[in-house]
Amino acid sequence: MKYGYFDDTAREYVITQPDTPLPWINYLGSEAYFGLISNTAGGYSFYKDARLRRLTRYRYNNSPLDMGGRYLYLRDNTTGKFWSPSWMPTRTQLDEYECRHGQGYTVITSKLNGIKSSTRYFVPLGESLEIWQMTLTNENASSVDLSLFSAIEFCLWDANDDATNFQRNYSIGQMEIVDEVIYHKTEYRERRDHFAYFACSENLAGFDTIREDFLGQYRGWNEPQVVVSGESTNTEAHGWQPIGSHHVKVSLKAGESKQVIFILGYQENPKDDKFDPPGSQVINKQRVKAALENYLKAENADKAFNELRDYWTMLLGKMQVTTPDEDTNRMVNIWNAYQCMVTFNMSRSASYFESGIGRGMGFRDSNQDLLGFVHMIPERARERILDLSATQLKNGGAFHQYQPLTKRGNNDVGSGFNDDPAWLVLGVSAYIKESGDWSILDELVQYENEPGSEKPLYDHLQRSIQYTLDRLGPNQLPLIGRADWNDCLNLNCFSDTPGQSFQTTTNKDGTVAESVFIAGLFVLACKEMEGLAKYCGDNDEVEKVTQAAAEMEKIVWKAGWDGDWFRRAYDDYGHVLGSKENTEGQIFIEPQGICIMAGLGVENGNAVKALDSVAEHLATPHGIVLQQPAFSQYYLHLGEISSYPPGYKENAGIFCHTNPWIMIAEAIVGRGDKAFDYYKRINPSVREEISELHKCEPYVYAQMIAGKDAPTHGEAKNSWLSGTAAWNYAAITQSILGIQPTLDGLEISPSIPAGWDGFTAIRNYRGVTYNITVTNPKHVSKGVEKVLVNGKQIGGSLIRADAQAGSGEVNVEVVMG
Ligand code: BGC
Ligand code: NOJ
């Protein structure tokens, strides 16, 4: 069953029923000010960091699930009837409802008793504020007398304290209401130099800033006393729970429309210019004047919105494809690219599954997110790489996460995830392949954010490689440390205490447990490093990494190959995992993907063998599960992976992040049909038809779909923030469609379903637009017979970037066969 439809021309998903199986959300904001918004206007906003600079409050795991947000209430003052034009929180049955999620904006339109309202929520480019632009229309034959109320609940900035430290919080709330603008300034009197403001374009009939006055004692957001009575209390909050609510009276003649605009914004002041007059405790509001004057005018808000749309047209225009498959086209051209941008911005911090409190920017996560994002805004990828590497440890290891606000490594989470550094090599290499910007390797970057410790980024990459070599175990495979890509494979943890964090609790020193996954990743990283080192003329490094990769490959065949597939690991007792010898956890997806991506087994046939094993043991109609058989009980020596009930998350769930690795591997061995088949199984657009089972948004990937051992097989969880976005984007664009940036230029080597006649693509690469037409007259799934660039055949399938530089547009014809 569907709850909406894709409007591909408008690049929107249109939800036509408010009671979706879960809140179906969207993101506002591009760079600093962000918001999460659900299809019923739930959600919250923050500046840069969802934990440390939270503007509005959100209560997780609520009932109903999605309560609290950017609420508006309409009240017919003749009858006293009131409703939410976004359905929540009053849940009044609406005559019409539609929510359109687009890139960085959401429009919720509804109608009740002839009153139509349409509210567009967005963050203008480059601004630290959000606009709610509401158009009200009276479609009745007679005039109406309406009241419109806005309502948000302020968060006292630090979302964690806000949700826990009530003995303090209930006394610190402070507001100012000046010129009908509501200012939230809790802690501004002391160390905070920032405040929030909430303004409306209309003259107010009243306002509220005290939650219990607005709602009424013991009442909820579904029937606020003020809305029921039609009268605001005009009172100022001191402590307790500050909110912002405006009351606007709107009289509309038959057929008349009116626009009302609200702005919620964030502003910082210099420390020595905080107060006006100086020495007082009054906020200096000079710096918000311009924004208020500008965006409370409809024409300026429209202009800002159009700029946002144009910006996205430009970004998405960097890669557009037309294949015979509609689900592919809309995911590549719109939604998957968009999700890549959101995951890049948020890492794993703030979604409806990630609280924004727990996790900052992940080291391995951000490096992978680059893959899906780098072609859209390489400069931001560059900045992220430099931020990440500045948190790198001197021994080449990495802080597992850093806080986006401070850009410092997060000590609570620490380091010791032994795969982390290798991802930096992959991230940097992907950046250079896209941009051709070799200068990044010379950038001086600190270690551990320590002034004076600066070294060229190249040195960071060398230390990343060395980190693995310094940590080899009894089989000469890389030691796993706290965990590798699979955060839940905690082979050194041995946690027997409830509530202990598997990822951060004291670990054994760990000189035995090894990871075949890291071995594969290491080989891949070495091959990337080899390419970089060659360019830099660093022969020593070239020699070192080629040798190290070759040796590691040998080790994998010796200790990491099980006969029909790659093994997963060796535990702290030195026992193998991911082998026929095991009764549970015999075969894992990750090493099959990463080892084949690193080239292992491609020549000797073992890659195909491993992929056949994946098909036989792990593939389901809903995607490929992480391992089989699932762990039926908790194993002290395996850790969190076995803590999950069978079929969920890392314990044999369909962990979507890993599925594209298999797609890529299938493409590498030339099985385009198989690669594409896997691509379709987890494609959210395909799964739209089964939304009642899938539950999550049909326009973005979820981290996990319950596996075949789960009673809810096929049900998705944890949508939006997952490496799934970037890897699927890479799999479809670079491996299946085969348009692959390399250090030298664009390589075009598709691996598509044999049934396809071909496809076309427009790809902007290093400033040149490539109009690519691929034809497949012989209906093969791999193999390029010839490539013509502007009508002239080139040797091979690599279009050298230097040959095309400055060309503007280039026509490329690729004939498969
Ligand atoms: C999840 C993992 C995640 C980890 C992060 C675990 O509970 O299952 O997917 O990577 O937490 O700390
Ligand atoms: C989610 C984490 O963000 C990611 O870093 C990790 O690789 C996967 N879970 C698997 O555990």
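Angles under 35 degrees count as roughly parallel. That cut-off comes in handy for the first of these close-ups, all taken from a predicted model.

**View 1. Helix H7 meets helix H9.** Here you're looking at H7, residues 326-346, and H9, residues 378-390, whose axes come within 12 Å and cross at roughly 30°. The two helices are therefore roughly parallel to each other. The crossing of H7 past H9 is left-handed. On the H7 side, the residues making the contact are Met341, Phe344 and Asn345, while H9 brings in Arg380, Ala381 and Arg384. Sort these by class and you get three nonpolar, one polar and two charged residues.

**View 2. An open sheet built from ten strands.** Reading across, the strand order is E1-E2-E9-E10-E11-E12-E19-E16-E15-E14, with antiparallel pairing. At the edges sit E1 (4-7) and E14 (175-178), each of which pairs on one side only. From one strand to the next, the twist averages 15°.

**View 3. Strands E12 and E19, with helix H5 packed on the sheet.** To get your bearings, look for threonine 137, which stands opposite serine 257 of E19. Helix H5, residues 286-295, packs on this sheet and touches E12, E15 (181-184), E16 (194-200) and E19. The direction of H5 makes about 160° with that of E19.

**View 4. Strand E13 and its surroundings.** One of its pairings is with E18 (residues 242-252): the two run antiparallel and are joined by eight bridges. Within that pairing, serine 147 has lysine 249 of E18 as its bridge partner.

**View 5. E13 again, this time with strands E7 and E6.** E7, residues 71-76, pairs with E13 in the antiparallel sense over six bridges. Leucine faces leucine here: leucine 74 stands opposite leucine 148 in E13. E6, residues 54-56, also pairs with E13 in the antiparallel sense, over two bridges. For that pairing, find threonine 56, whose bridge partner in E13 is phenylalanine 154.

Notes. Residues are numbered from 1 along each chain as its sequence is written. Chains are lettered from A and ligands numbered from 1 in the order in which they are written. This is a predicted model: local features need pLDDT of at least 70, side-chain atom pairs count only at pLDDT 80 or more; totals for chains, interfaces and linings use all residues. Side-chain values use heavy atoms; hydrogens and water are left out. Axes are lines fitted to C-alpha atoms, for helices over the stretch in contact, and angles run from 0 to 180 degrees between N-to-C directions. Helices (H or I, at least four residues) and strands (E, at least two) are DSSP runs, numbered from the N terminus. Angles under 35 degrees count as roughly parallel, over 145 as roughly antiparallel, 65 to 115 as roughly perpendicular and the rest as oblique. A crossing is left-handed if the near helix is turned anticlockwise from the far one by less than a right angle, and right-handed if clockwise. Contact means heavy atoms within 4.5 Å. Ala, Val, Leu, Ile, Met, Phe, Trp, Tyr, Cys and Pro count as nonpolar, Asp, Glu, Lys and Arg as charged, and the others, Gly among them, as polar. Two strands pair if DSSP finds at least two bridges between them.
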